[in-house]
Amino acid sequence: MRDPGASIRAQALDLLEELTTAEKLKLLDGDTPFWSGMADIALHQASHRHPWPAAQVARLGLTGLHFVDGPRGVVLEGGATTFPVPMARGASWDPDLEERIGEAIGREARTFGANWVAGVCINLLRHPGWGRAQETYGEDPVHVGAMGAAMTRGLERHAVACVKHFALNSIDSSRFLVDVEVSERVLHELYLPHFRDCVEAGAGSMMSAYNQVNGLWCGQHPTLLRRILKERWGFRGFVVTDFIFGVRDGVAALLAGQDLEMPFRMVFAGCLPEAVADGRVPMRCIDEAVLRLLQVQLGVPPGTYPRSLRSCGSHRALAREAATSSIVLLRNEGPVLPFSGLSSLAVIGRLASVANLGDRGSSDTRPLPGVVVTPLDGLRAAAPDLRIEQTSGSSAQAAAELAARCDAAVVVAGLDWRLEGEHIHPGDIAPILRLVPPPGWMLRLLGRRRLMPLWRPLAHLFAWITSFASARPGGDFAAGDRTDLSLPADQLALIRQVAGANPRTVVVLMGGGAVLMEDWHRLVPGLLVLWYPGEQGGAALADVLLGRVSPSGRLPFSVPARASHLPPFEPRARQVVYDLWHGYRRLQRDRHGATYPFGFGLSYSRFTASDLTAVLQRADGRMDQLQASVSITNAGDVDAAEVVQLYLEPPAREVERPARTLVAFQRLHLAAGTSRRITMAVPLRACATFDPARDGFVTEAGAHRLVVARHVEDDGLAVTLELEAAFVGR
């Protein structure tokens, strides 16, 4: 957890004494007036032009917190590096790499004058149709927590990390409406551990979510914000609202533990001065929020960050490494890959020659023209002597004829911003907008008595307009959640035609969420996932297709055989129940094999595991953690990376539990013919269940089976460890 240090805390307390009540209240919301700020977004796409300031007090030398978005790179215009989306980086299973990416994004943010970065999106992928699937790391809390904590550590070396969205925010089209019903057990076991990991990694801020949980809005949820986050976990940073409409009741929000409303002076500014004056909000609550903001601001690392850091050589190399490490090879019959001995190659599909970087919502980046390496660009640069012919695939017949003339064919298919992404449904923000006072010029023109009866319909109209305020021309923002997980019909027809014309056809899939492929994937000998691979994705793809690098990505989610094997998913749902059963957990329970299971991925080499052992480590007389050690050998003739996955199979007792869950993993690179022994630590909390009666985690007595496996459905190598029933902490 973030520790401000004694000197910073003392300095913050001194500043708190010097602040007037008016200055304290002003610190609790963004420094931009609402109406001018909204006009700036609507007319100038301000979210991609400058950071959003908060907590500035010039007379005391407080220069403030300056916010910028950045899950795949800093979103501001000016040439920041575009990395692969977080889901792609989740497929690398490489926290060390993610920490380096966090550092790079933090450095580049500082070159824009930003010192606060919302780069840690860790909502679980409960259903692959979620429009913002690309912004998180996967479906499992252990995996997501490790990756999110790594990004947090990297960012915090240069800026304040903002972790989002707390909590249970994984439906986009109804995020302003939906009430998520969840039990204490499910909440603590499945939907909160990864947030806790980021708190323990030192996150300086936590962003509350728009949705409701068990009947309360997340932005004013005392159980989530105060009792769990601040008291149970000891979070010492500050809580910020989601932008722009994250507060429904300003007094309730502040009392619940919300510290800052962003990015404008809105609900807090309209209600807190009166609430403090009449005693509904005690000054100690104001002081607590202000003190948190001061401590975090004073703890921002000093330093000068030149513009030359943006998309510098080392950051471009990092983007390429991330894109390469994230590629997941799903099929390689023959094997068809890596390509060798080719004199000609057909590259087919519209997505082969366009910059396909992800959705066009709040995380959209702005790379400089000519920087993005498309799949076609990457192959041509890597193999200048290879005759590469390309077609968009608009005519499946013409594409098949081209494929038949070439030695091999690559079909680039999948999703783009038109099919998945962030979404604001028109009208949903109207109830919140009505909390904002009308513009001063309206009051002066019409007077309060005449204006206020008209304000409700005017606010509703303005809500419709602002639903698309951050979008580019043409409504690019509005893709939203997916209800159809199949590829578009024209892409399916293209794949079938090309595969029939050339037996050496490789399909390259782009996108952020799972695509159903049970009906067609066996038609092609080669299949890999490229994701939204960032600005160096085409170069990474060429490295893998041509065998310069062995593919090493592993799926961060399950690809089901049928949509019916997934949890119910209604993008406009007003109520939904979250339980223990989604992703591989649900498939196991229902005995449905995945088309491609969680953790799956092929290599050009071959790895074996041997000599698995496990011991129980104790600290101060109490159980602390398990330690599993295993020897991994690269038994092939290619240098390659392996992702060692450790799963737990609990005792068959009365408590309903998933049959197998991930508890640890480690990525390692091995030269051909070499071995290494590794040890993975497993906190006892990851092996326990949450007992509401004891308000904490409890291990079951009995035989716990630890399995090192290539993926969640692999038999793997197992060892059994006896544990006693014990309370292992809150």
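Which residue in strand 22 is the bridge partner of Glu642? I looked it up and found Leu668.

**Ground rules.** I am working on a predicted model, where local features need pLDDT of at least 70, side-chain atom pairs count only at pLDDT 80 or more, and totals for chains, interfaces and linings use all residues. Residues are numbered from 1 along each chain as its sequence is written, and side-chain values use heavy atoms, with hydrogens and water left out. Helices (H or I, at least four residues) and strands (E, at least two) are DSSP runs, numbered from the N terminus.

**Strands 21 and 22.** I find strand 21 (residues 640-649) antiparallel to strand 22, joined by 9 bridges. Two strands count as paired if DSSP finds at least two bridges between them. I then checked burial (buried is under 20% relative accessible area, exposed over 50%, partly exposed in between; 1.4 Å probe, protein chains only). In strand 22 (residues 661-670), 8 of the 10 residues are buried, so the strand is largely enclosed by the rest of the structure.

I traced 6 strands in the order 2-3-4-5-7-10, with mixed pairing. Strand 2 (52-54) and strand 10 (238-240) are at the edges; each has a single partner strand, so one side of each lacks a neighbour in the sheet. On average, neighbouring strands here are turned by 35° against each other, direction ignored. For angles, axes are lines fitted to C-alpha atoms, for helices over the stretch in contact, and values run from 0 to 180 degrees between N-to-C directions.

Inside the sheet, strand 4 (residues 116-121) pairs with strand 5 (residues 160-166) in the parallel sense over 4 bridges. Val117 has Ala161 of strand 5 as its bridge partner. Helix 6 (residues 141-156) packs on the sheet and touches strand 4 and strand 5, its direction making about 170° with that of strand 4. Contact here means heavy atoms within 4.5 Å. I also see helix 12 (residues 283-298) lying across strand 3 (65-69), strand 5 and strand 10, at about 100° to strand 10.

**Helices 15 and 19.** At what angle do helix 15 and helix 19 pack? I get about 30° for helix 15 (residues 396-405) and helix 19 (residues 489-501), with the axes 8 Å apart. That makes the two helices roughly parallel; the class covers angles under 35 degrees. From helix 15, Ala396, Gln397, Ala399, Ala400, Ala403 and Ala404 meet Ala493, Leu494, Gln497, Val498 and Ala501 of helix 19.

Most residues other than glycine have a negative phi, and most peptide bonds are trans. I looked for exceptions.

- Leu168 has a phi near 60°; this residue lies in the loop between strand 5 and strand 6 (179-182) and is buried at 4% relative accessible area.
- Asp695 has a phi near 55°; Asp695 is in the loop between strand 24 (689-691) and strand 25 (696-699) and is partly exposed at 22%.
- Phe243 and Ile244 are joined by a cis peptide bond, omega about -10°.
- Leu337 and Pro338 are also joined by a cis peptide bond, omega about 0°.

Is His582 buried or exposed? I find His582 buried, at 1% relative accessible area.

Definitions and conventions. Parallel < 35°, antiparallel > 145°, perpendicular 65-115°, else oblique.
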